[in-house]
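Let's learn to read a protein model together, one feature at a time.

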Amino acid sequence: RLKIAAVLKNVGVLNEESDSLCMFYKSKEETVHHLMLFFPFVWKVWTDMMKWWGLVWVLPGLVKDLLFWWSGVKFSKIVLRMWKVIPLVVMWSLWKARNECLFSGKPVEWNELAELVNVRVALWSKLNIKGMQYSVQEIVNNLQHIITSVCNTRMASR
């Protein structure tokens, strides 16, 4: 349901002379899948996220396939709640960066965006997960330790 450039032109948000090319790439048509998955720096954001979680994956071909795959991953309760935040944070961050670039001319600093995504995941998790005992800084810097600790605590309580 994201409003790509072609739709924004049709509803008059962008003028008729505006092109429908990707805001970042300028050589491919702007599509939701290109913006959220396949643009090279976006792909790197997803890859960095997977590395942060200690996972290796193959990027799905469609956003709906990504969300379907994401919902099937199993973790303990608290870790799973953090996991579910990630697609929302990544896509919201990408969309926000795209709109700032499109409407304000602000260039995207991709390395900063990748770090900001991690901080937002930690912040959203800290604020929205009941019983989250770790600080935002601990989540960003020690995610693997937290995942292991939560899983070990869960196993010990059985």
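Q: Which kinds of residue make up the lining of the largest pocket?
A: First, the kinds: Ala, Val, Leu, Ile, Met, Phe, Trp, Tyr, Cys and Pro count as nonpolar, Asp, Glu, Lys and Arg as charged, and the others, Gly among them, as polar. Here the lining divides into 5 nonpolar, 1 polar and 6 charged residues. Remember that this is a predicted model, where local features need pLDDT of at least 70, side-chain atom pairs count only at pLDDT 80 or more, and totals for chains, interfaces and linings use all residues. Residues are numbered from 1 along each chain as its sequence is written, and side-chain values use heavy atoms, with hydrogens and water left out.

Q: What volume does the largest pocket have, and which residues line it?
A: On a 1 Å grid over the protein atoms alone, a pocket is an open set of points where a 1.4 Å probe fits, with protein on both sides within 12 Å along at least five of seven lines; lining residues have an atom within 4 Å of a point. The volume, meaning the space filled by probe spheres set on the points, is about 200 Å³ for the largest pocket. Its lining includes Ser93, Lys96, Glu100, Lys106 and Arg120.

Q: Which helices each supply at least two residues of that lining?
A: A helix is a DSSP run (H or I, at least four residues), numbered from the N terminus. The two here are α5 (77-104) and α6 (110-128).

Q: How many salt bridges does a search of the whole structure find?
A: A salt bridge is a side-chain nitrogen of Lys or Arg within 4 Å of a carboxyl oxygen of Asp or Glu. The search finds 3. Glu100 meets Lys96 at 3.3 Å, N to O, and Lys106 at 3.5 Å, N to O, so a network of salt bridges links Lys96, Glu100 and Lys106. Asp48 also pairs with Lys44 (2.8 Å, N to O).

Q: Where do Asp48 and Lys44 lie?
A: Both are in helix α3 (residues 40-52), 4 residues apart, about one turn of the helix.

Q: Is Ser125 buried or exposed?
A: Buried means under 20% relative accessible area, exposed over 50%, and partly exposed in between (1.4 Å probe, protein chains only). Ser125, in helix α6, has 0% and is buried. Lys106, by contrast, is partly exposed at 46%.

Q: Which residues does Ser125 touch?
A: Contact means heavy atoms within 4.5 Å. Not counting residues up to four places away in sequence, Ser125 touches Met82, Val85 and Met132.
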